[in-house]
Amino acid sequence: MGRRTEQGKNHPTAEDSKTNDFNAKKEPPLERVRLEAGEVLSQVGNSSSTLYFLLKGSLQVIHISNQNNGQVISEGSLFFIPVGEKFHAHAMQPATLLSCPVERFQLPTKLKQYCPASTATASPLFILPIRHLIEEEACSMLNALPAIRPDAYSTYLSHKISILLILIEHLYAPEEIASLFAPLLGRNLDFREKVLKNYSNTMRVKDLSTILHIPPSTLNRKFKETFQMSAKEWFTNKRREDILHDILQTELSIVEIADKYELTPNYLMKLCKDDFGMTLTELRHSTSI
């Protein structure tokens, strides 16, 4: 089975080790990610949204919010995964990516007027071609890190990301940029971020209501406004994502995964077939080299 690379937790090569020393206590870091054919790139549990530059190779989306299965991301593409999102894609051929953290406050406020009508309904992952100047700037950020003192890392990264976003603002149409960063531009953003950062502490709606200090009726209304579904439906979808993550990212047996989510093995096997179109074993083999 192919090695599964979890964003922010993959093992650096000798070439990358000097860079990752600067990032040891930062999540997610600016980093180079290399994948062999069949290896899986996953983003789970990051504390910041991430902008990806696919410089070499191609990826096929395995799963993102129960949508986009099978979507291909080609070489020379730019895509964005928001904080709290579980994203899995396997390399169709050897691939090289750069990942860069992006925060909502760094985006131009005027983009909101170009934001798609809905930022939470099912739609393909929005992808843009990487402009030549964007690629040069992104690569220079990474290549210069070995020369930056550890105490200056945060300042350097902040300035360089600002420059990168300025280039993006001037090299793409506003509608394109708004579609790329749509998850950071929609309604109830503070509520959305709080939910994504806290839901993993509980898988029950009433417990999340307590954690966020929001009455259940208000919580459900905000869920419908923000995610276009009820809190119960959203939690059901997230549990499916967590189950798929354990299938793809761990070696847990079907019995261990079933126990973790308080399911019977038979129900878990049915869920895999109904929701993901494959058995647990087939899912794992589908990402092997």
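Modeller: Here, contact means heavy atoms within 4.5 Å, and a helix is a DSSP run (H or I, at least four residues), numbered from the N terminus. The model is predicted: local features need pLDDT of at least 70, side-chain atom pairs count only at pLDDT 80 or more, and totals for chains, interfaces and linings use all residues. Residues are numbered from 1 along each chain as its sequence is written, and side-chain values use heavy atoms, without hydrogens and water.

Colleague: Which residues of α7 are buried?

Modeller: Leu-219, Phe-223, Thr-226 and Phe-227 are buried in α7, that is, under 20% relative accessible area. They lie on the same side of α7, because they cover an arc of only 80° around the axis; the arc is taken from the directions from the helix axis to the C-beta atoms.

Colleague: And what do they pack against?

Modeller: The buried residues of α7 pack against α5 (189-198), α6 (205-212) and α8.

Colleague: How far apart are the end C-alpha atoms of α7?

Modeller: They are 16 Å apart.

Colleague: What follows α7?

Modeller: Gln-228 comes next, and its phi is positive, near 60°.

Colleague: Turning to Arg-192, where does it lie?

Modeller: Arg-192 is part of helix α5.

Colleague: Is Arg-192 buried or exposed?

Modeller: Arg-192 counts as buried, because its relative accessibility is 10%.

Colleague: Which residues does Arg-192 touch?

Modeller: Leaving out residues up to four places away in sequence, Arg-192 touches Pro-82, Val-83, Pro-183, Thr-226 and Phe-227. Thr-226 and Phe-227 are also among the buried residues of α7.

Notes
Helix = DSSP H or I, 4+ residues; strand = E, 2+ residues; numbered from the N terminus. Expected span 1.5 Å × (residues − 1). Buried < 20%, exposed > 50% of the residue type's maximum accessible area, 1.4 Å probe, protein only.
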